[in-house]
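Here is a short report on selected features of one protein model. Please keep the structure open while you read.

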Amino acid sequence: MKLKNLVLPVIAFALSASAANAQTAKDVFDTETKLTWIGLDWTKTRLIGDAAAKADQIVEKNFVEVNQKVVNEYKKFDVAKAFRRSEVSTDIGPVNKRTAKIDPDNLLSDNSDDYQHLKPEDITTLVKGFDFNGKTGIGIVWFVEGINKTKKEMSAYVTLVDMKTKKVLFTERMVGKMGGKFGVAFGYANMYLSGVKSILDDIEKDKYKEWKSTYGG
């Protein structure tokens with residue numbers, strides 16, 4: 001058999017094998033499919049209406065602290081429960097690396113429109129620039145868009161990703177109320193964490209079922 005006649009079947013087999021291993025949105029709702037919590041990506045976050053905030057400290061300390069606490073206090077920030085899993089793996093290394101490259105000068109904003117400055121196509125671009133450390137399967141990444149002190153809200157694109165192909169399976173902008181049960185949270189990290197908790201609660205109560213109806217069929 002000539003080499004050129006052999007190459008095409010080999011390529012076709014490799015492509016079909018790759019397609020067979022690719023994740024789909026439907027896989028998110030198969031409880032046997034492994035999920036990995038990658039964490040909160042802050043690279044495009046804008047902090048709106050908080051001129052007194054110390055941007056350097058927020059980037060270097062608070063953003064990292066939030067991601068670590070979500071992992072450490074997993075019973076409070078129950079990602080597994082929200083996504084109907086008994087357990088979800090974690091790897092916040094990729095988001096921490098990206099946080100380290102954020103320019104604090106770009107964080108603060110007085111423009112209320114910055115609270116909604118991202119679009120779904122921006123999320124696709126951001127995912128393509130991600131380094132998932134060779135991981136495969138489905139990753140959960142939240143791209144935090146805005147932290148609005150005036151509204152006491154956090155907006156984030158909750159995103160499910162095929163980490164091998166860097167394909168966005170689906171993404172949706174969600175809003176979380178900041179301030180906790182009684183509208184008060186002390187310290188920046190705790191305030192942001194209250195927004196994370198609010199979004200997770202919404203996923204658990206309503207959004208997961210809605211997503212499953214839309215993508216899981």
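This is a predicted model: local features need pLDDT of at least 70, side-chain atom pairs count only at pLDDT 80 or more; totals for chains, interfaces and linings use all residues.

The sections below take up a strand, a helix and a pocket in turn.

Strand 1 spans residues 35-41. The strand is mostly covered, with seven of its seven residues buried.

Strand 1 pairs with strand 5 (residues 138-148). The two run parallel and are joined by six bridges. Strand 1 also pairs with strand 3 (residues 89-90), again in the parallel sense, over two bridges. Thr36 takes part in both pairings: its bridge partner in strand 5 is Gly139, and in strand 3 it stands opposite Ser89.

## Helix 5: two faces

Helix 5 covers residues 120-128. Its buried residues are Ile123, Leu126 and Val127. They lie on the same side of helix 5 because they cover an arc of only 100 degrees around the axis.

What do these buried residues pack against? Their contacts are helix 4 (93-99), strand 5, strand 6 (153-162) and strand 7 (167-177). The face turned away from the buried side carries Glu121, Thr125 and Lys128, which are exposed.

## The second largest pocket

The second largest pocket has a volume of about 200 Å³. Its lining includes Trp37, Val70, Val71, Tyr74 and Phe77. Asp78, Val79, Ala80, Ser86, Glu87, Val88 and Thr90 also line this pocket. Helix 2 (55-72) and helix 3 (79-82) are the elements that give two or more residues to the lining.

By class, the lining has eight nonpolar residues, two polar and two charged.

Note on methods:
Residues are numbered from 1 along each chain as its sequence is written. Side-chain values use heavy atoms; hydrogens and water are left out. Buried means under 20% relative accessible area, exposed over 50%, partly exposed in between (1.4 Å probe, protein chains only). Helices (H or I, at least four residues) and strands (E, at least two) are DSSP runs, numbered from the N terminus. Two strands pair if DSSP finds at least two bridges between them. The arc is that of the directions from the helix axis to the C-beta atoms. Contact means heavy atoms within 4.5 Å. On a 1 Å grid over the protein atoms alone, a cavity is a set of points where a 1.4 Å probe fits but cannot get out, and a pocket is an open set with protein on both sides within 12 Å along at least five of seven lines; lining residues have an atom within 4 Å of a point. Grid points are joined across faces, edges and corners, and a volume is the space filled by probe spheres set on the points. Ala, Val, Leu, Ile, Met, Phe, Trp, Tyr, Cys and Pro count as nonpolar, Asp, Glu, Lys and Arg as charged, and the others, Gly among them, as polar.
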